[in-house]
Amino acid sequence: MALRSTVCRLLVNPHRCAFFSASRAQGTAAATRPAKVQFDWRDALDLEGQLTEEEVLIRDSFRTYCQEKLMPRILLANRNEVFHREIVSEMGEMGVLGPTIKGYGCAGTSYVAYGLIAREVERVDSGYRSVMSVQSSLVMHPINAYGTEAQKQKYLPKLARGETLGCFGLTEPNHGSDPGSMETRAKYNPSSRTYTLNGSKTWITNSPVADVAVVWAKCDDWKIRGFILERGMKGFSTPKIEGKFSLRASATGMILMDEVEVPEENLLPKAVGLGGPFGCLNNARYGIAWGSLGAAEFCFHAARQYTLDRIQFGVPLARNQLMQKKMADMLTEITIGLHSCLQLGRLIDEKKAAPEMISMLKRNSCGKALDIARQARDMLGGNGIADEYHVIRHVMNLEAVNTYEGTHDIHALILGRAITGLQSFTVGK
Amino acid sequence: MGVLITGTNTGSCERDSPGHVRYNSVSELKWRPLLLRIRVKPDNTGVVTDGVKHSMNPFCEIAVEEAVKLKEKKLVKEVVAVSCGPQQSQETIRTALAMGADRGIHVEVSGKDYETLGPLQVSKIMAALAKKEDAQLIILGKQAIDDDCNQTGQMTAALLDWPQGTFASEVTLDGDKIKVVREIDGGLETIKINTPAVLTADLRLNTPRYATLPNIMKAKKKKIANVKAADLGVNLTSRLEVLKVEDPPQRQAGMKVETVEDLVGKLKEAGKV
């Protein structure tokens with residue numbers, strides 16, 4: 001199989017045509033000079049050739065689903081701020097929720113495949129990809145990595161099918177970039193063998209309609225631990241956040257906990273301290289690094305097509321140097337970004353990746369994607385502000401994507417600390 | 001590409017309940033260019049296919065879906081996906097395996113042979129495979145969207161002397177007969193044919209499923225056998241020669257006329273009326 005897939009990979013690239021055209025080939029019948037390679041702006045450095053046959057199949061199948069089933073919904077979902085809960089079940093059927101988990105009804109595929117999946121969803125909308133990331137990396141992953149066997153059996157299969165929708169509660173109204181000083185408390189009650197949780201979380205994707213929540217709280221020993229809360233527990237409420245101009249197709253809300261009694265079986269035993277939540281966030285950030293480039297690709301392709309179609313002063317806009325320069329920049333950043341994500345994915349699959357690598361690429365992909373989206377919006381002129389052309393929606397969404405899961409600046413500090421050995425998060429030494 | 005449904009021959013079919021026969025089925029899949037901007041080759045011998053992304057013919061997808069559905073209903077024992085073409089056409093077999101086919105057969109045809117491969121050659125291959133695999137049912141797409149021939153299914157049936165249910169929009173297995181509702185110009189025609197038989201899938205037969213991740217991963221373990229046309233005793237020489245392939249004529253500018261009389265006058269001049 002490995003041999004066949006290698007052979008297939010070498011031959012299966014329709015983009016990499018060996019012969020320029022039939023007539024050219026006739027002239028060089030006996031020559032042995034290398035065949036001319038055609039530059040392909042859609043895949044400038046041949047990402048396709050680096051993927052396994054399986055990854056190509058997964059990407060193609062899921063791309064078809066996204067374009068046929070998600071793209072038609074997004075215009076009105078975004079305009080009217082409607083979250084289509086059904087997409088979670090549909091994605092569950094496709095097997096793309098928690099795809100890297102082995103067992104429990106999950107596909108058990110590579111991290112590169114996860115990245116390709118994220119890129120395809122975000123090509124449609126970052127909100128949809130956020131829903132997918134939260135479910136896979138922020139709910140299924142912690143249960144799989146830090147939970148008991150009983151918890152995994154109870155929650156993972158239903159989460160994989162999309163029957164149960166989860167959310168991740170770390171950020172608080174007063175503690176975003178600084179989760180370590182969170183105010184949510186979990187007090188242990190030895191008599192009832194429960195924990196009582198008090199506190200509030202905000203900016204929680206999925207929370208208004210979630211069935212379960214993985215919430216992080218400080219325990220009596222001042223250490224942060226994770227708890228699985230369920231809809232219906234007394235004192236647990238999830239009001240929706242109104243007036244969002246970003247990720248409108250995804251429901252975002254708060255998690256309010258007023259003396260919520262959580263049985264001790266719902267504690268995630270293997271996560272103590274911030275390492276737990278950060279492990280999850282890194283998992284999600286990796287998906288976002290790929291995903292945001294999907295959004296960037298959409299904007300780049302849209303800008304290209306628009307400027308080719310629109311005629312001003314007798315010529316297509318694309319004839320202009322300013323337009324071409326912008327597109328050259330977009331092409332370069334997207335291509336370089338994707339290949340670095342591929343390398344990162346391969347490293348993660350080989351268990352040779354460090355968190356700073358993920359920080360670097362999350363930061364790069366999101367920052368560059370936001371830039372590309374804004375440029376594309378500009379290139380579309382007046383039509384660029386209409387949601388029918390979709391680019392403005394990506395511009396709005398990428399503001400949030402650049403910010404969540406570690407802001408652009410915070411990742412810079414993570415890298416700065418790795419480069420210099422000196423932390424610059426806090427004022428003190 | 002069609003779905004061969006291979007099976008034991010009718011004499012010794014397994015029956016798990018009266019009138020319930022278990023078949024194996026085979027699908028023949030065609031690998032053709034995706035609908036992007038198609039260009040005629042400079043020497044007018046055909047269409048440029050280098051550098052053009054290829055995928056499974058849509059009617060073949062429908063054929064595979066039907067075969068897989070029959071298997072899920074336990075009316076069919078095994079689904080074998082077949083494709084004739086160069087190395088790359090294995091991709092389409094993999095997709096069929098990911099949709100639920102059990103195994104694949106790749107009949108390798110490349111180079112000059114592939115350029116001249118047409119319905120006659122493919123149907124000879126299918127007939128040979130049907131006999132070799134002891135198939136009970138062959139399901140193909142009604143036509144390929146690159147050449148629009150709509151011949152392979154019919155030719156295969158003729159070569160095997162099997163009944164055919166073409167343009168199928170509904171297929172029901174009924175004991176050792178098959179009820180087929182066909183889409184015809186006047187409406188719908190229902191026929192009942194004996195097995196073994198050849199069916200060709202029309203648009204409304206079903207909606208093909210997306211290959212899910214777990215199935216794509218399972219497909220890795222499924223086997224694709226490699227076969228040469230010569231091994232099946234099939235001569236690939238074509239009796240047809242493509243003389244010329246041309247772009248459709250450029251659209252000419254129209255003419256504005258002031259009155260209806262002018263219009264009629266112009267039409268008469270052009271000999272149209």
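## Domain arrangement

The C-alpha centres of domain 1 and domain 3 of chain A lie 20 Å apart in this predicted model. Chain A is divided into domain 1 (47–165), domain 2 (167–272) and domain 3 (275–420), with bounds that come from an automatic or database domain assignment.

Local features need pLDDT of at least 70 and side-chain atom pairs count only at pLDDT 80 or more, while totals for chains, interfaces and linings use all residues. Residues are numbered from 1 along each chain as its sequence is written, and side-chain values use heavy atoms, with hydrogens and water left out.

## The interface of domains 1 and 3

In chain A, 31 residues of domain 1 are in contact with 35 residues of domain 3, contact meaning heavy atoms within 4.5 Å. Between them, domain 1 and domain 3 of chain A bury about 2,800 Å², 59% of it on carbon and sulfur atoms; buried area is the accessible area (1.4 Å probe) that two parts lose on being put together, summed over both.

Five salt bridges are counted between domain 1 and domain 3 of chain A, each defined as a side-chain nitrogen of Lys or Arg within 4 Å of a carboxyl oxygen of Asp or Glu. Glu297(A) forms a salt bridge with Arg123(A), where the closest N and O atoms are 3.3 Å apart.

## Tyr111(A)

Tyr111(A) lies in helix α5 (residues 111–124) of chain A, helices being DSSP runs (H or I, at least four residues) numbered from the N terminus. Tyr111(A) counts as buried because its relative accessibility is 19%, the cut-off being under 20% relative accessible area (1.4 Å probe, protein chains only). Beyond its neighbours within four places in sequence, Tyr111(A) is in contact with residues including Thr100(A), Asn283(A) and Tyr286(A).

Definitions and conventions. Chains are lettered from A and ligands numbered from 1 in the order in which they are written. Helices (H or I, at least four residues) and strands (E, at least two) are DSSP runs, numbered from the N terminus. Buried means under 20% relative accessible area, exposed over 50%, partly exposed in between (1.4 Å probe, protein chains only).
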